[in-house]
Structures are given as structure tokens and as C-alpha cells.
Amino acid sequence: LYNYVHNYGLAIILLTLLMKLLMVPLTLNGNKAMARQREMQKKLQYLEQKYKHDKEQLAIEKTELIRKQGIPDMLGCLPMLLQIPIFIALSRVLAGSLELYQSPFLWIQDLSRPDMFLLPFLLCVAMLLQAAVTPGDTRQKLSQVLMGLVFAALASNFSAGLALFICVSTWATVLQTKAQEVLKI
């Protein structure tokens, strides 16, 4: 990508967006699986509340629900799991890349060195927005907010190139989630 755009920062952004684009089908299937899993959890909680004093009937109702609905799959985690090896590979490549040394991008003077303030701040904002737009219960949203704060702190120690990748990926996820919500996909 660098050969086409002649800027490593822009190449990182294009690589990130290309990866997100390629993962759209998996993400859509994963989101549907997560929605089915949330619905199943609600139904199970209802049954547990309704039959909290009748363990035998609870077991029968749970078995019947699972027979009708099926066991929720874990496809919702697949897009995230596929990004982990990519993240690890990019962290190794970008942390030790001689090409990024003194390679500027926008306000960043050197993509190989950490950006202590703006990229971590943008990442934190994106992760907080992601927690706000992602469906889930209060506990899940709280853990996403805490994860956003931790990731922002960690990103201040990452190379600016890696932090840029994470930041763009998170913003793309927020935009994709909102687009799915608006388009009802």
C-alpha cells in the first residue's frame, strides 16, 4: 500500500479499512449470533425467575427452550478472535519497523515512537462510543468502558503506527455498528 500512497500512516489506515471491509460478512454473522445469544439469555433469566422455587420444572423448561431454540453458537467472537493474530503480527512489525522511523503522518513526527496524547485520547473516545452503541447489558458496557480506559493508557506506550491501527479499527467498528443500526442489518 505504501508504494501507492507514499505515506506509512495512510498505508496503515488503508490496511485497517481493507481488513475491516474483508471482515464485514463475518462481523454481520457474528452480530446476529450475539443477538440470538442475548435473546436466549433473557429467556433463560425469565425461566429462572419464574421457576426459582421449582428446580425440576426449571430443568424441564430450560431443556424445552434449548430444544426449540438450539444452543447459541459462539460466532459472535469470531471476528474479534481473527483480529488477535493480525494485531500481534502488526504490533511486532510496527514496533520494530525501520521504515516507520522518522516517518511523519499528520501531527505525528515519527510513527515508530509513541504518541502520548492525541492517539490514546482518540482511541479512548472511540472505545467509549463503541460501548455506547454496542447492544448489551450494563455490566458489559461498564467492562467496555474500563477496557477503553485501559487500552488508551496502553496505547500511549505503543508505537504511533500501532496506535493508529487500533484507533482507526475502533472508529471503523463504531461507524459499522451505527450503519448496521440505521440500515437494520
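This is a predicted model: local features need pLDDT of at least 70, side-chain atom pairs count only at pLDDT 80 or more; totals for chains, interfaces and linings use all residues.

1. Cysteine 167 counts as buried because its relative accessibility is 4%, under the 20% cut-off.

2. Is cysteine 124 buried or exposed? With a relative accessibility of 13%, cysteine 124 counts as buried, because this value too is under 20%.

3. Cysteine 124 takes part in none, and the cysteine sulfur nearest to it, that of cysteine 167, is 10 Å away. Likewise, cysteine 167 is in no disulfide, its nearest cysteine sulfur being that of cysteine 124 at 10 Å. A disulfide would require the two sulfur atoms to be within 2.5 Å.

4. Threonine 16 deserves a separate entry. This residue belongs to helix α2, which covers residues 8-22. Threonine 16 counts as buried because its relative accessibility is 1%. A polar atom of the threonine 16 side chain lies 2.7 Å from the backbone oxygen of isoleucine 12.

5. Which residues does threonine 16 touch, leaving aside those up to four places away in sequence? They are Phe165, Val168 and Ser169.

6. Helix α3 comprises 27 residues, 24-50. From its first C-alpha to its last, helix α3 reaches 39 Å, close to the 39 Å expected at 1.5 Å a residue.

7. Within α3, the buried residues are Thr27, Gly30, Ala33, Met40, Leu44 and Leu47. As background to this spacing, an α-helix has 3.6 residues a turn, so residues three or four places apart point the same way.

Conventions. Residues are numbered from 1 along each chain as its sequence is written. Side-chain values use heavy atoms; hydrogens and water are left out. Helices (H or I, at least four residues) and strands (E, at least two) are DSSP runs, numbered from the N terminus. Buried means under 20% relative accessible area, exposed over 50%, partly exposed in between (1.4 Å probe, protein chains only). A polar contact is a pair of N or O atoms within 3.5 Å; within protein, one must be able to donate a hydrogen and the other to accept it, and residues adjacent in sequence count only if both atoms are side-chain atoms. Contact means heavy atoms within 4.5 Å. The expected span of a helix is 1.5 Å times one less than its number of residues.
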